[in-house]
Amino acid sequence: MSQHDASGSTKSIRGDGMEIARHVFGKDWSMSPLGDMKDWPQNLKFATNLCLSSHMPIAVWWSSDFIIIYNDAFRSLMGLSDSGALGIGGSNVLPQIWKNLEPSLLATFKQSGPTQVEIEIASPRRGASTP
(Lines give C-alpha, C1' and ligand atoms only; values in the text may rest on other atoms or scores of the structure.)
Protein backbone atom coordinates (compact mmCIF):
# COMPACT_ATOMS: atom_id res chain seq x y z
CA MET A 1 0.00 0.00 0.00
CA SER A 2 1.51 3.30 -1.04
CA GLN A 3 0.99 6.25 1.27
CA HIS A 4 2.14 9.70 0.23
CA ASP A 5 2.18 13.12 1.86
CA ALA A 6 1.90 16.41 -0.02
CA SER A 7 5.61 16.33 -0.83
CA GLY A 8 5.27 12.86 -2.32
CA SER A 9 7.27 11.07 0.37
CA THR A 10 5.82 7.79 1.63
CA LYS A 11 4.68 6.69 5.05
CA SER A 12 3.49 10.08 6.33
CA ILE A 13 0.34 8.30 7.49
CA ARG A 14 0.55 4.80 8.93
CA GLY A 15 -1.74 2.13 10.26
CA ASP A 16 -0.28 -0.88 8.51
CA GLY A 17 -1.89 -4.21 9.25
CA MET A 18 -5.26 -2.81 10.29
CA GLU A 19 -8.31 -3.40 8.13
CA ILE A 20 -9.67 0.15 8.20
CA ALA A 21 -6.21 1.54 7.40
CA ARG A 22 -6.24 -0.47 4.18
CA HIS A 23 -9.59 1.10 3.31
CA VAL A 24 -8.38 4.59 4.19
CA PHE A 25 -5.37 4.25 1.87
CA GLY A 26 -7.35 2.47 -0.83
CA LYS A 27 -10.13 5.06 -0.96
CA ASP A 28 -10.23 7.65 -3.71
CA TRP A 29 -10.51 10.70 -1.48
CA SER A 30 -10.31 13.13 -4.40
CA MET A 31 -14.10 13.12 -4.78
CA SER A 32 -14.73 13.46 -1.04
CA PRO A 33 -15.10 16.73 0.89
CA LEU A 34 -11.54 16.16 2.20
CA GLY A 35 -10.01 16.06 -1.27
CA ASP A 36 -7.01 14.04 -2.38
CA MET A 37 -5.05 12.62 0.56
CA LYS A 38 -1.78 14.07 -0.77
CA ASP A 39 -3.30 17.55 -0.34
CA TRP A 40 -4.51 17.04 3.23
CA PRO A 41 -3.16 19.51 5.80
CA GLN A 42 -0.42 18.16 8.03
CA ASN A 43 -2.64 18.20 11.13
CA LEU A 44 -5.24 15.98 9.39
CA LYS A 45 -2.46 13.57 8.36
CA PHE A 46 -1.18 13.54 11.95
CA ALA A 47 -4.65 12.96 13.41
CA THR A 48 -5.33 10.19 10.90
CA ASN A 49 -1.99 8.55 11.71
CA LEU A 50 -2.72 8.68 15.43
CA CYS A 51 -6.21 7.30 14.92
CA LEU A 52 -5.18 4.42 12.66
CA SER A 53 -2.18 3.49 14.81
CA SER A 54 -4.24 3.13 17.98
CA HIS A 55 -5.94 0.03 19.31
CA MET A 56 -8.33 2.26 21.30
CA PRO A 57 -11.56 3.43 19.63
CA ILE A 58 -10.76 6.74 17.94
CA ALA A 59 -12.52 8.83 15.33
CA VAL A 60 -11.33 12.00 13.65
CA TRP A 61 -14.17 14.44 13.03
CA TRP A 62 -12.96 16.93 10.40
CA SER A 63 -14.44 20.29 9.43
CA SER A 64 -17.81 21.77 10.27
CA ASP A 65 -19.38 18.86 8.36
CA PHE A 66 -17.81 16.43 10.87
CA ILE A 67 -16.37 14.21 8.15
CA ILE A 68 -15.34 11.01 9.89
CA ILE A 69 -12.20 8.90 9.72
CA TYR A 70 -12.06 6.10 12.29
CA ASN A 71 -10.11 3.03 13.27
CA ASP A 72 -11.03 -0.65 13.63
CA ALA A 73 -11.79 -0.34 17.35
CA PHE A 74 -14.19 2.58 16.77
CA ARG A 75 -15.91 0.66 13.97
CA SER A 76 -16.40 -2.31 16.29
CA LEU A 77 -17.61 -0.15 19.21
CA MET A 78 -20.16 1.65 17.05
CA GLY A 79 -21.27 -1.47 15.23
CA LEU A 80 -20.38 -0.14 11.80
CA SER A 81 -20.48 -3.03 9.38
CA ASP A 82 -17.78 -1.91 6.96
CA SER A 83 -15.64 1.00 5.83
CA GLY A 84 -18.48 2.69 3.93
CA ALA A 85 -18.80 5.43 6.54
CA LEU A 86 -15.26 6.75 5.94
CA GLY A 87 -15.34 10.31 4.64
CA ILE A 88 -19.05 10.84 5.32
CA GLY A 89 -20.58 13.42 7.66
CA GLY A 90 -21.17 12.15 11.18
CA SER A 91 -24.91 12.85 11.18
CA ASN A 92 -25.28 10.32 8.36
CA VAL A 93 -22.99 7.75 9.98
CA LEU A 94 -24.39 7.74 13.53
CA PRO A 95 -27.93 9.14 13.28
CA GLN A 96 -29.13 7.22 16.35
CA ILE A 97 -26.78 9.14 18.70
CA TRP A 98 -26.11 12.31 16.70
CA LYS A 99 -28.40 14.55 18.78
CA ASN A 100 -26.24 13.71 21.82
CA LEU A 101 -22.89 13.69 20.04
CA GLU A 102 -23.13 16.86 17.95
CA PRO A 103 -23.17 19.35 20.89
CA SER A 104 -19.92 17.88 22.22
CA LEU A 105 -18.26 18.08 18.81
CA LEU A 106 -19.45 21.66 18.33
CA ALA A 107 -18.08 22.60 21.77
CA THR A 108 -14.72 21.07 20.87
CA PHE A 109 -14.53 23.10 17.66
CA LYS A 110 -15.47 26.32 19.48
CA GLN A 111 -13.03 25.75 22.36
CA SER A 112 -10.23 24.42 20.15
CA GLY A 113 -9.62 21.75 22.73
CA PRO A 114 -10.92 18.49 24.03
CA THR A 115 -14.29 18.05 25.65
CA GLN A 116 -15.85 15.09 27.33
CA VAL A 117 -19.40 13.86 27.13
CA GLU A 118 -21.07 10.71 28.36
CA ILE A 119 -23.23 9.06 25.75
CA GLU A 120 -25.11 5.84 26.25
CA ILE A 121 -24.49 3.61 23.27
CA ALA A 122 -26.62 0.57 22.58
CA SER A 123 -24.12 -1.71 20.93
CA PRO A 124 -25.69 -3.92 18.27
CA ARG A 125 -25.24 -7.66 18.59
CA ARG A 126 -22.97 -9.44 16.16
CA GLY A 127 -24.70 -10.01 12.86
CA ALA A 128 -27.16 -7.15 13.32
CA SER A 129 -27.58 -4.86 10.36
CA THR A 130 -25.94 -1.42 10.76
CA PRO A 131 -25.00 1.38 8.35
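I started at the hairpin of β1 and β2, where four residues sit between the strands and S63 takes a positive phi near 75°. The model is predicted, with local features needing pLDDT of at least 70 and side-chain atom pairs pLDDT 80 or more, while totals for chains, interfaces and linings use all residues. Residues are numbered from 1 along each chain as its sequence is written, and side-chain values use heavy atoms, without hydrogens and water.

I checked the pairing: β1 (residues 59-62) and β2 (residues 67-70) run antiparallel, joined by four bridges; DSSP must find at least two for strands to pair. V60 stands opposite I69.

Next I looked up α1 (residues 19-26), in which I20, A21, V24 and F25 are buried (under 20% relative accessible area; exposed is over 50%, partly exposed in between; 1.4 Å probe, protein chains only). Down the axis of α1 the buried residues fall within an arc of 135°, taken from the directions from the axis to the C-beta atoms, so they line one face.

I then listed salt bridges (a Lys or Arg side-chain nitrogen within 4 Å of an Asp or Glu carboxyl oxygen) and got two. R75 and E19 meet at 3.2 Å, N to O. R75 is in α3 and E19 in α1, so the pair ties together parts 56 residues apart in sequence. R75 is buried at 15%; E19 is partly exposed at 34%. K38 and D39 form a salt bridge at 3.5 Å.

Last, I read pLDDT, the predictor's confidence in each residue from 0 to 100. The protein's mean is 79.

Methods:
Helix = DSSP H or I, 4+ residues; strand = E, 2+ residues; numbered from the N terminus.
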